[in-house]
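Dear colleague,

I am passing on the structure we spoke about, with the sequence and the coordinates placed just below. My notes on what was found follow after that, and I would be glad if you read them with the structure open.

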Amino acid sequence: NDTKKAQHYPHIAAHRGFRDVFPQNTIAAVKGASRFKADRIEIDVVATSDGELVVFHDARLDDLTDKEGLIAETPSEIVLQAEILDSGETIPTLAETLAATRPSVMMNLEFKASDPLSWKAFTERALPIASRYPGEYYVSSFDPDALRAVKDVDPSVDVAPIFGSDKEENLEIARELDAKAVNPSTGVLDRDLVATAHEEGREVNVWTIDSWREAQEPLELGVDGLIADYPHMATFATDNSHRN
Ligand code: G3P
Ligand code: MG
């Protein structure tokens, strides 16, 4: 049927490695998300007190692991032994995580917090590790200074600002950095944001989409990617057959 509207199939990124199914930001999560055919996997990257780059979301170990304290004040020897609660999984290094990921998956490395390193030092450690990943990757961050450091160290690396407010400011940051994408929350997503990003040649990847209902507006607006906690979001995003 020639009149059928072209369908838009956004990619699905596994948020912290589909965190509502797998222990978040772990080797089990990236392996599981790869098996569930995530197009991309989003992981959070932070530094330990001795500058090891590890994959973990929180600033403190307390809520997600069997250890306590700020990651930035804890040596890697201890951080790497912390168990993600009730999972048997430990906090992995960035290098271990990328080595365990299927290279057909594009990695979204969220640079979360650099302490005790500067963003420049953090980036100078992270990019050589990331560049050994045989697949594609890009760097996102809430902190524009992290993305500026990435572009200073290697202008060829793709970046994307993450934001949950301040749409215009973040569109401007995306222009300054020639960003590949903008990664807004659902709360700040609107038609103008999608139109402006697309006019400027950037993707829009929205976080986090965890139900059929939450997927509808982003799909209607034509976003490029859904950053999701569940692998079955892929089905919600693509099953429009009942509309034909
Ligand atoms: O990258 C988008 C999303 O991960 C940002 O929120 O707190 O889960 O890192 P958070
Ligand atoms: Mg994140």
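**Salt bridges and the domain interface**

Across the interface of domain 1 and domain 2 the rule finds three salt bridges, a salt bridge being a side-chain nitrogen of Lys or Arg within 4 Å of a carboxyl oxygen of Asp or Glu. Please keep in mind that this is a predicted model, in which local features need pLDDT of at least 70 and side-chain atom pairs count only at pLDDT 80 or more, while totals for chains, interfaces and linings use all residues. Residues are numbered from 1 along each chain as its sequence is written, chains are lettered from A and ligands numbered from 1 in the order in which they are written, and side-chain values use heavy atoms, with hydrogens and water left out.

Domain 1 covers 15-157 and domain 2 covers 159-238, with bounds that come from an automatic or database domain assignment. Their centres, taken over C-alpha atoms, are separated by 21 Å, and the contact (heavy atoms within 4.5 Å) takes 22 residues from domain 1 and 20 residues from domain 2. Between them the two domains bury about 1,800 Å², 63% of it on carbon and sulfur atoms; buried area here is the accessible area (1.4 Å probe) that two parts lose on being put together, summed over both. Of the area that domain 1 buries against domain 2, His15, Tyr138 and Phe142 supply 27%, more than any other three residues.

A search of the whole structure finds 16 salt bridges. In one of them the side chains of Glu203 and Arg40 meet at 2.8 Å, N to O, and this pair links distant parts of the chain, with Glu203 in strand β8 (residues 203-207) and Arg40 in strand β2, 163 residues apart. Helices (H or I, at least four residues) and strands (E, at least two) are DSSP runs, numbered from the N terminus. Both Glu203 and Arg40 are buried, where buried means under 20% relative accessible area, exposed over 50% and partly exposed in between (1.4 Å probe, protein chains only).

A second pair, Asp192 and Lys167, also meets at 2.8 Å, N to O, and joins helix α7 (residues 191-199) to helix α6 across 25 residues of chain. Asp192 is partly exposed, with a relative accessible area of 38%, whereas Lys167 is buried at 17%.

Pro144 lies in helix α5 and is partly exposed, with a relative accessible area of 23%. Asp143 caps the N-terminal end of α5, placing a side-chain oxygen 2.8 Å from the backbone nitrogen of Asp145. The buried residues of α5 are Ala146, Leu147, Ala149, Val150 and Lys151, and they pack against β4, α4 (119-131), β5, β6 (159-163) and α6 (167-177).

Leaving aside its neighbours within four places in sequence, Thr65 is in contact with Phe56, Ala82, Glu83, Ile84, Leu85 and Ile91.

Notes
Polar contact = N/O pair within 3.5 Å; in protein donor to acceptor, adjacent residues only side chain to side chain.
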